[in-house]
Amino acid sequence: MSLPTTALFRDDFYLSTNEAVVTAVHEDGGIELDQTCFYATSGGQPGDTGFLERADGSRIALGPAVTGATKEIIIHRPLEGEAPPIVGETVVAHIDWARRYKLMRMHTACHLLSVVCPYPITGAAVGEEDSRVDFDMTETIDKDEVTAKLMKLVTENHPIFVQWITDAELAANPGIVKSKNVRPPMGLGRVSLVCIGENSAVDSQPCGGTHVSETQEVGAIHIAKIEKKGKENRRFRIRFGAPASEA
């Protein structure tokens, strides 16, 4: 029977390595640990990749982490051909930090976009170089104007922090959820609010993903294109760097 994994990333987005004990090894090779800094694929953000370091110094290379039978269980998936560990073995988990940090910056950029475009979110996907956010909107909007507003928030360097509320508090305040289709991670007794700005002055929304600690860490971003996806849906593509005309 699987035991809940202590998700260390929930309290420290910058934790890139941790010691852990193997609690289960699945027939398909999936590995469960008692605790992990690996984020599991959820809410539009890909799971972390990296490796497990064994006591003899050998490594088990890992593909994107996923959740198990419940959201409380995190599965570390070895790449094909990797030797499995044994239950009870102590290992050190290492995430691919360069990749994770890009995803943290991008996920934060998506939150900033939801501030600039205050419409219900119908879908989102965070990528290392390109992300998308879909909004329930019919208005025509200029991508360069959106980019300028995004970069203003970035350069103002607002602090980003997490506050915790109970499931009951979230249920009593459903209006703070911006997504129409994806519900915040509930069932653990508490829900994380990602807050931007002093006293959450810029934004506050439930989210279980990982983010940077201040907006300037996002760096240069721009809206590459805005696509019409149906009568009342617009897809915004966010990319790193300056727009092509300024590059």
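Close-up 1. Val66 sits in strand β7, residues 66-67; here strands (E, at least two residues) and helices (H or I, at least four) are DSSP runs, numbered from the N terminus. Not counting residues up to four places away in sequence, Val66 touches Ala40, Thr41, Ile73, Ile74, Ile75 and Arg77, where contact means heavy atoms within 4.5 Å. Asp48 is 18 residues from Val66 along the chain, and their C-alpha atoms are separated by 8.7 Å. Please keep in mind that this is a predicted model, in which local features need pLDDT of at least 70 and side-chain atom pairs count only at pLDDT 80 or more, while totals for chains, interfaces and linings use all residues. Residues are numbered from 1 along each chain as its sequence is written, and side-chain values use heavy atoms, with hydrogens and water left out.

Close-up 2. Strand β2 (residues 17-25) pairs with strand β9 (residues 90-95) in the antiparallel sense, over 5 bridges; two strands pair if DSSP finds at least two bridges between them. In this pairing, Thr17 stands opposite His94 of β9. Strand β3 (residues 31-33) also runs antiparallel to β2, joined to it by 3 bridges, and Ala24 faces Glu32 across that pairing, standing opposite it. β2 and β3 form a hairpin with 5 residues between them. Look in the turn for Gly29, which has a positive phi of about 100 degrees.

**Close-up 3. His94 and Thr90 in strand β9.** His94 is found in strand β9, and its side chain makes polar contacts with the side chains of Thr17, at 3.4 Å, and Glu53, at 2.8 Å. A polar contact is a pair of N or O atoms within 3.5 Å; within protein, one must be able to donate a hydrogen and the other to accept it, and residues adjacent in sequence count only if both atoms are side-chain atoms. Leaving out residues up to four places away in sequence, His94 touches Ser16, Thr17, Phe38, Thr49, Gly50, Phe51 and Glu53. Thr90 also has its place in strand β9. Thr90 counts as partly exposed because its relative accessibility is 38%; buried means under 20% relative accessible area, exposed over 50%, and partly exposed in between (1.4 Å probe, protein chains only). With residues up to four places away again left out, Thr90 touches Glu19, Ala20, Val21 and Ala55. Arg54 is 36 residues from Thr90 in sequence and 7.2 Å away in space, C-alpha to C-alpha.

**Close-up 4. Leu113 and the largest nonpolar core.** This core has 31 residues, and those with the most contacts inside it are Leu113, Phe135, Val146, Leu150, Ile221, Phe236 and Ile238. A nonpolar core is a set of buried Ala, Val, Leu, Ile, Met, Phe, Trp, Tyr and Cys residues joined through side-chain atoms within 4.5 Å. Two or more residues each come from α1 (97-116), β11 (130-135), α2 (143-155), β13 (190-196), β15 (221-228) and β16 (234-240). The largest share, 8 residues, comes from α1. Leaving aside neighbours within four places in sequence, Leu113 is in contact with Val133, Phe135, Val146, Leu150, Ile223, Phe236 and Ile238. Apart from this core lies another of 18 residues, among them Ala20, Val22, Leu33 and Val91.

Close-up 5. Helix α1 is mostly covered, with 15 of its 20 residues buried. The 20 residues of α1 should span 28 Å at 1.5 Å a residue, which agrees with the 29 Å between its end C-alpha atoms; the expected span is 1.5 Å times one less than the number of residues.

**Close-up 6. Aromatic pairs.** A search of the whole structure finds 4 aromatic pairs. Rings of Phe, Tyr and Trp (its six-membered ring) pair if their centres lie within 6.5 Å; planes under 30 degrees apart count as stacked, over 60 as edge-to-face and the rest as tilted. Phe9 and Tyr39 form an edge-to-face pair, 5.2 Å centre to centre with 70 degrees between the planes. Phe9 is buried at 4% relative accessible area, and Tyr39 counts as buried at 5% relative accessibility. Tyr14 and Trp97 form a tilted pair, 5.9 Å centre to centre with 45 degrees between the planes. This pair links distant parts of the chain, 83 residues apart: Tyr14 in the loop between β1 and β2, Trp97 in helix α1. Tyr14, Trp97 and Tyr101 form one aromatic cluster.
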